[in-house]
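Here is a short briefing to read alongside the model. Have the sequence and the 3D view open as you go.

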Amino acid sequence: MFSYPTSVDSLFNELARLSRDLGGPYGAWGMPASIRAAARGTFPAINIGASDDEVEVYAFAPGIDTSSLDISVQRNVLTVAGERKLERQPEAEYYLNERMSGTFRRVMSLPDDVDPDKVEANYRDGVLHIRMQRSEQGKPRQIRPQ
Amino acid sequence: MNEKTDMTTAERGRTLPRQGDGEIELLPAVDIYENDAGITLEADLPGVSKDRLDIQIDHNNLTIEGEVAVEVSENVKPLYADVRGTRYRRSFSLSPELDTENVDANLGNGVLSLKIPKRAELQPRRIEVKAH
């Protein structure tokens, strides 16, 4: 029914495979994968990927007014905070009320060599995409024997 | 394998995404409320654009499906992931008083808003009691 870009597909499949290999969200030994890892259902859900040149963070934060967002990078720690205001209908009867309403804040540690001066962010279809360049000295170097 | 919830049955908590055919289906978070005019469903579908969203109503079954498409640069390898699938899917059974011919759907910033009106002849009417 749908066709989707192979790059996205392969990245997410890779993520699924990785999570199976690690034995679920808490890793193979029942320990959280990261000291800042959050419980399932935390808003916004976050995916992080990296190449030799950059680190990419995707925050799945639908229905946000971007002016409420506060994104900061300090050394290698990225913080995304903001607010999602959902208007509750006072006259209506609610059957399901699963969507997060209120303020949120997520902190994540990134590879040590991200450059806090080279960060760009955009928001599209409810996904906040943050791209950070990695500094030169962090890149792998080919060493040839003399 | 699809999860089905009667739209007018209260349900606590969210089911964890299930795995079928090797692909992980994501269960979108929804709010559902009813007033005199009809039922409104709001679903979080981050990463889904209008052309990758499919809403079907068939024999009183409502199914919402969407594909996540985000821009990924070359050679990016995953480090951490909360979202481990690319497809959202959730189904609901509707009730006969809902007018499925006049559903209004809106998608903005990854939030789907579906308004399903009640059939005009079935909208609640206030009965005046006459005192003698």
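Buried means under 20% relative accessible area, exposed means over 50%, and partly exposed lies in between, using a 1.4 Å probe and protein chains only. This is a predicted model, in which local features need pLDDT of at least 70, side-chain atom pairs count only at pLDDT 80 or more, and totals for chains, interfaces and linings use all residues. Residues are numbered from 1 along each chain as its sequence is written, and side-chain values use heavy atoms, leaving out hydrogens and water.

**Arg99(A)**
- Arg99(A) is buried, with a relative accessible area of 6%.
- Its place is the loop between β5 (93-97) and β6 (102-109) of chain A; strands are DSSP runs (E, at least two residues), numbered from the N terminus.
- The side chain of Arg99(A) makes a polar contact with the side chain of Glu42(B) at 3.4 Å. Such a contact is a pair of N or O atoms within 3.5 Å; within protein, one must be able to donate a hydrogen and the other to accept it, and residues adjacent in sequence count only if both atoms are side-chain atoms.

**Strand β5 of chain B**
- All seven residues of β5(B), residues 38-44, are buried.
- β5(B) runs antiparallel to β4(B), residues 30-34, and five bridges join them; strands pair if DSSP finds at least two bridges between them.
- Three residues separate β4(B) and β5(B) in a hairpin, and Tyr33(B) has Thr40(B) as its bridge partner.
- β5(B) also pairs with β11(B), residues 111-117, in the antiparallel sense over seven bridges, where Ala43(B) stands opposite Leu112(B).

Terms used: Chains lettered and ligands numbered in written order. Helix = DSSP H or I, 4+ residues; strand = E, 2+ residues; numbered from the N terminus.
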